[in-house]
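Thanks for coming. I will go through one structure, taking its pockets and then its sheet.

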Amino acid sequence: METIVRDGTTADVSRIYRMMRDFAVFEDLEQCFQVTEERLYDALFGTNAFLEALLAERSAQAIGYALFFPVFASFSGERRLFLEDLYVAADARGSGVGRQLLREIARRGLEKGFTGIEFHVPQWNRPAIKFYENLGAIHAAN
């Protein structure tokens, strides 16, 4: 089955929101999940939107998403993208969906002259750390 990675649209906000909730449950942070669909919509499509979303689909089913936005590193003067969320549904993990999402973010960043992608991964999430390390990620000290 082919995976399609595309921009999230206004029609996708509910689907992205549901996966965000699933992500919070996966990370055992559902008590911190306070965002509403309206706030997500505003961050993505409102007057002062700053957030970008990608959606991964197979057979018109949402199987993953990524949220990211630009950041500026004041000491180095570099522009980067910050990867807020990269989530793949449990039944699609290990099938290359995360790699496709990250590849599209990197392509967009390069196109705009950005120098890298920043992100945070909880120390307990060893599969995610290994995923990023296998793609060449460098661990930065806090």
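**Pockets and sheet**

The lining of the second largest pocket divides into twelve nonpolar, seven polar and four charged residues. Here Ala, Val, Leu, Ile, Met, Phe, Trp, Tyr, Cys and Pro count as nonpolar, Asp, Glu, Lys and Arg as charged, and the others, Gly among them, as polar.

This is a predicted model: local features need pLDDT of at least 70, side-chain atom pairs count only at pLDDT 80 or more, and totals for chains, interfaces and linings use all residues. Residues are numbered from 1 along each chain as its sequence is written, and side-chain values use heavy atoms, with hydrogens and water left out.

A pocket is found on a 1 Å grid over the protein atoms alone, as an open set of points where a 1.4 Å probe fits, with protein on both sides within 12 Å along at least five of seven lines; lining residues have an atom within 4 Å of a point. Its volume is the space filled by probe spheres set on the points, which are joined across faces, edges and corners.

The second largest pocket holds about 810 Å³. Among the residues nearest its centre are His-120 and His-139.

The largest pocket has a volume of about 1,200 Å³. Of its 43 lining residues, Phe-23, Glu-27, Glu-84, Asp-85 and Leu-86 are closest to the centre. Strand E4 gives the largest share of that lining, seven residues; strands are DSSP runs of E, at least two residues, numbered from the N terminus.

Now the sheet. It is open, with five strands in the order E1-E2-E3-E4-E5 and mixed pairing, where a pair needs at least two DSSP bridges. E1 and E5 are the edge strands.

Methods. Helix = DSSP H or I, 4+ residues; strand = E, 2+ residues; numbered from the N terminus.
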